[in-house]
Amino acid sequence: MNYKDIWVVALGHLKENLPRHAIDAWFEPIKPIGFSDKEIIIEVPNQFFCEWIESHYKKELTDSINISDESVTGYRFSIGAVSKEFEESALVQKETRKPIIHQNNLNRQYTFDNFIEGSNNEFAKNAGRSVADQPGETNFNPLTIYGGVGLGKTHLMHAIGNAAIKKNPNLNVVVVTSERFTLDFVNSLRKNRTIEFAQQYRSADMLLIDDVQFFRGKEQTQEQFFHTFNVLHQSGKQIVMTADKYPGEMKGLQSRLLSRFESGLSVDVQPPNFEVRVAILLEKAEQNGVSLDYEFIEFIARHIKNNVRDLEGAVIRVLAKSSLLNKEIDHTLVRDVVRERTGGALKAGVSIEKIVRKVSEISGVSEQDIVGKSRKMEIAEARQVSMFLSREILGRSLSGIGVFFGGRDHTTVMHAVKTISDKIDSNQKMKDSVNTLRSDLNQNF
Ligand code: ADP
Ligand code: MG
């Protein structure tokens with residue numbers, strides 16, 4: 001049998017023996033891609049998949065493959081075609097002990113295409129594109145991408161390298177973290193190979209260096225980097241760096257280095273707004289082969305705000321949890337995951353009733369009026385604030401909220417949410433009272 005047929009039969013066996021959710025989550029995304037000796041090679045989206053399958057379904061998978069074709073003894077994973085290439089080159093590097101070749105450290109999965117753009121990062125992305133397109137030829141040299149943790153700096157930096165290589169495969173793109181640079185330097189000192197060290201880095205057409213803040217306090221490494229930087233810069237090679245802060249505000253780095261950094265372009269990445277978070281979650285769900293109802297996507301996006309890595313983590317965690325607990329992905333499960341990841345900010349006891357009670361205390365409008373029919377201005381406003389918070393804190397569906405507030409339909413709730421969020425932006429008093437309510441609700445329950 002050929003490997004594709006074997007996989008079809010094996011999948012059939014698995015379907016008979018495993019619950020539906022496990023098949024959907026872990027086996028449907030698998031692609032058979034060939035044979036290696038007597039094993040079938042199956043491609044999975046990421047490392048996490050391999051580990052999960054190994055620890056949960058190893059026996060079932062081996063058996064079902066073996067039943068399909070006795071001559072096939074088992075399976076072997078491949079993690080996407082590209083990252084395999086990346087692992088192989090790491091292997092070669094280990095075996096032959098080549099001095100330093102870092103091109104291969106480019107993570108091929110970080111591209112411009114899968115980097116979701118929003119007002120928080122579009123300037124950085126566009127600057128990155130120009131640099132990838134014309135390395136060393138724009139004024140953006142060096143290009144420094146700075147900002148908080150988990151906001152896509154490393155992703156963008158690798159995307160620049162990938163796009164540049166795509167355009168010009170001969171370009172020598174050297175990519176390292178500042179720690180790796182330091183380690184290479186220290187090792188070269190130990191082995192009296194500082195000349196090779198310098199040559200390696202100075203032969204780059206494009207040097208991508210991640211997290212330069214970690215050069216802090218390492219004087220001799222900074223010295224080396226300063227020279228490398230100058231050689232490259234003077235010969236028109238492109239340098240791209242990431243940092244946790246605007247270069248002018250970085251501490252512990254020599255000022256001559258910082259003034260070099262500032263001579264190019266520094267662009268920041270900020271936390272994404274709600275819509276961008278939703279777009280990122282949709283992308284990550286697709287990448288990881290999870291199908292998540294839009295309702296859950298919105299819920300996660302409402303609660304995890306400051307870090308894209310956490311958004312991604314939430315998607316993977318939802319997937320893992322539903323498999324581990326043998327449960328469909330439902331509201332409780334998603335809430336639990338979000339609660340874990342926000343450190344409990346989303347407290348178990350908050351309910352619409354409690355929101356209404358709090359709003360009533362603060363506004364002086366009775367609870368009965370809030371859920372009632374009156375259109376008097378202050379009553380309507382208290383109702384709208386309650387709806388807004390029910391949506392924000394509990395992530396309830398629009399229609400669910402409508403039902404609670406006297407059987408109103410979802411468009412009324414949508415309107416309320418929009419009205420209040422506009423008022424929060426334009427009216428300080430509204431902003432203050434909503435903030436008070438938010439913190440009361442989060443602390444007291
Ligand atoms: P940083 O280097 O700023 O700490 P990373 O680049 O490592 O952050 O990003 C953390 C994770 O979030 C990565 O998996 C990355 O792919 C993802 N990510 C960040 N920003 C975006 C974005 N705009 N679109 C898609 N994925 C993103
Ligand atoms: Mg990073």
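**Close-up views of the predicted model**

**Figure 1. Polar contacts around ligand 1.** A polar side-chain atom of His-155 is placed 2.7 Å from an oxygen atom of ligand 1. The model shown here and in the following views is a predicted one. A nitrogen atom of ligand 1 lies 3.0 Å from a polar side-chain atom of Lys-284. The backbone also takes part: an N or O atom of the Ile-116 backbone lies 2.8 Å from a nitrogen atom of ligand 1. Ligand 1 taken alone exposes 560 Å², and the protein buries 94% of that area.

**Figure 2. The buried side of helix α4.** Helix α4 spans residues 58–68, and its buried residues are Leu-61, Ser-64, Ile-65 and Ser-68. These four residues lie on the same side of α4, because they cover an arc of only 100 degrees around the axis. Lys-59 and Ile-67, in contrast, are exposed on the other side of α4. The elements against which the buried residues of α4 pack are the helices α1 (3–17), α2 (20–27) and α3 (47–56), together with the strands β2 (39–44) and β3 (74–79).

**Figure 3. The buried side of helix α11.** In helix α11, which runs over residues 255–262, Leu-257, Leu-258 and Phe-261 are buried. Their arc around the axis is only 95 degrees, and they are therefore on the same side of α11. The packing partners of these buried residues are β4 (143–147), α10 (219–234) and β7 (238–243).

Figure 4. Gln-254 belongs to the loop between β7 and α11. Its relative accessibility is 17%, so Gln-254 counts as buried, the cut-off being under 20%. A polar contact of 2.8 Å joins the side chain of Gln-254 to the side chain of Glu-219. When neighbours within four places in sequence are left aside, the residues in contact with Gln-254 are Glu-219, Gln-222 and Glu-223.

Figure 5. The bond from Asn-141 to Pro-142 is a cis peptide bond, and its omega is near 0 degrees. Pro-142 is found in the loop between α6 (122–133) and β4. Strand β4 is also one of the elements against which the buried residues of α11 pack.

**Figure 6. Loop residues with positive phi.** Asn-192 is not a glycine, yet its phi has a positive value near 50 degrees. This residue is located in the loop between α8 (178–190) and α9 (194–202). Asn-192 counts as exposed because its relative accessibility is 72%, where exposed requires over 50%. Asp-211, likewise a residue other than glycine, has a positive phi of about 60 degrees. The loop that holds Asp-211 is the one between β6 (206–210) and α10.

**Figure 7. Thr-332 in helix α15.** Thr-332 is part of helix α15, which comprises residues 331–341. With a relative accessibility of 44%, Thr-332 counts as partly exposed. Lys-373 is 41 residues from Thr-332 in sequence, and the distance between the two in space, C-alpha to C-alpha, is 31 Å.

**Figure 8. The protein chain as the setting of the close-up views.** The secondary structure of the chain consists of 21 helices and eight strands. Along the principal axes, the C-alpha atoms fill a box of roughly 80 × 65 × 35 Å. The chain has 445 residues, of which 47% count as buried. Among contacts between residues at least 6 apart in sequence, 71% join residues at least 24 apart.

Key. Residues numbered from 1 in each chain as written. Chains lettered and ligands numbered in written order. Predicted model: local features only at pLDDT ≥ 70, side-chain atom pairs only at ≥ 80, totals over all residues. Heavy atoms only, no water. Polar contact = N/O pair within 3.5 Å; in protein donor to acceptor, adjacent residues only side chain to side chain. Areas by Shrake-Rupley, 256 points an atom, 1.4 Å probe, with all protein chains shown as cover. Buried < 20%, exposed > 50% of the residue type's maximum accessible area, 1.4 Å probe, protein only. Helix = DSSP H or I, 4+ residues; strand = E, 2+ residues; numbered from the N terminus. Arc of directions from axis to C-beta. Contact = heavy atoms within 4.5 Å.
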